[in-house]
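Q: I am new to this structure and would like a close look at one part of it. Please start with the ring contacts, then work through the sheet around them, strand by strand.

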Amino acid sequence: MAFTSKNIFINLSVKDVNKSTNFFKELGFEFNPQFSDETTSCMIISDNIFAMIMIEERFKGFSKKEIVDTTTSAEAILSFSAESRDQVDEIVNKALSFGGKAFSGPQDHGFMYIWGFQDLDGHLWEVAYMDESAINQE
């Protein structure tokens, strides 16, 4: 029997929970106050996917490894889907206008359109739109 998970929780360390929370609120994300406090914010990515944004000291309580220096290293690229190419551009442009940085330019693969940004703490995010009708034609 294959394993499937009901929920996914992504844990990210940040320098300032309030700044990071406000950054993602500006991009349109909502937060669950039931799982948020002064050290952690629970960002709702979808019904079953959440990002736990926590200050470094709290994050260190979950791992004995050093926290990645995101100015020089990539820990992962976190990707989420958009409903259209325009929404990809809208989200990334908002991220850039609220202090994020581009880590890649827009990439048009015909059936898929992707653009990436770094958040305030250097975590890499990609926003992707996939045209399913174009997939079937290729």
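A: The structure holds seven aromatic pairs. Rings of Phe, Tyr and Trp (its six-membered ring) pair if their centres lie within 6.5 Å; planes under 30 degrees apart are stacked, over 60 edge-to-face, and the rest tilted. One of the pairs joins phenylalanine 80 and tryptophan 125. The pair is edge-to-face, with 6.1 Å from centre to centre and 65° between the planes. Phenylalanine 80 lies in strand β5 and tryptophan 125 in strand β8, so the pair ties together parts that are 45 residues apart in sequence.

This is a predicted model: local features need pLDDT of at least 70, side-chain atom pairs count only at pLDDT 80 or more, and totals for chains, interfaces and linings use all residues. Residues are numbered from 1 along each chain as its sequence is written, and side-chain values use heavy atoms, with hydrogens and water left out.

Phenylalanine 80 is buried, at 12%. Tryptophan 125 is also buried, at 1%. Both belong to one aromatic cluster, together with Phe23, Phe24, Phe29 and Phe117.

Now the sheet itself. Helices (H or I, at least four residues) and strands (E, at least two) are DSSP runs, numbered from the N terminus. Two strands pair if DSSP finds at least two bridges between them. Four strands form an open sheet in the order β5-β8-β7-β6, and the pairing is mixed. Its edge strands are β5 (77-81) and β6 (101-108), each pairing on one side only. From one strand to the next, the twist averages 15°.

Start at β5. Five bridges link β5 to β8 (residues 124-130), in the parallel sense. Serine 81 stands opposite alanine 128 in β8. A helix, α3 (residues 85-97), packs on this sheet and touches β5, β6, β7 (112-118) and β8. Contact means heavy atoms within 4.5 Å. The direction of α3 makes about 10° with that of β7. Axes are lines fitted to C-alpha atoms, for helices over the stretch in contact, and angles run from 0 to 180 degrees between N-to-C directions.

Move on to β7. How many of its seven residues are buried? Seven of the seven are, so the strand is mostly covered. In a regular strand the side chains alternate between the two faces of the sheet. From β7, Met112, Ile114, Gly116 and Gln118 point one way. Tyr113, Trp115 and Phe117 point the other way. Phe117 is also one of the rings in the cluster.

On one side, β7 pairs with β6. Five bridges join the two strands, which run antiparallel. Lysine 101 has glutamine 118 in β7 as its bridge partner. β6 and β7 form a hairpin with three residues between them. Glycine 110 in that turn has a positive phi of about 80°.

β7 also pairs with β8. Seven bridges join this antiparallel pair. Tyrosine 113 has tyrosine 129 in β8 as its bridge partner. This hairpin has five residues between its strands, and glycine 122 in the turn has a positive phi of about 85°.

A second open sheet sits elsewhere in the chain. Its four strands have the order β1-β4-β3-β2, again with mixed pairing. Here the edge strands are β1 (8-14) and β2 (30-31). Helix α1 (residues 17-26) lies across β1, β2, β3 and β4 (49-55), running at about 150° to β4. Serine 20 lies in α1. At 4% relative accessibility, serine 20 counts as buried. Leaving aside neighbours within four places in sequence, serine 20 is in contact with Val14, Ile53, Leu120 and Asp121.

Last, the whole protein. The count is four helices and eight strands. Buried residues make up 37% of the 138 residues. Along its principal axes the C-alpha trace spans about 50 × 45 × 30 Å.

Note on methods. Buried < 20%, exposed > 50% of the residue type's maximum accessible area, 1.4 Å probe, protein only.
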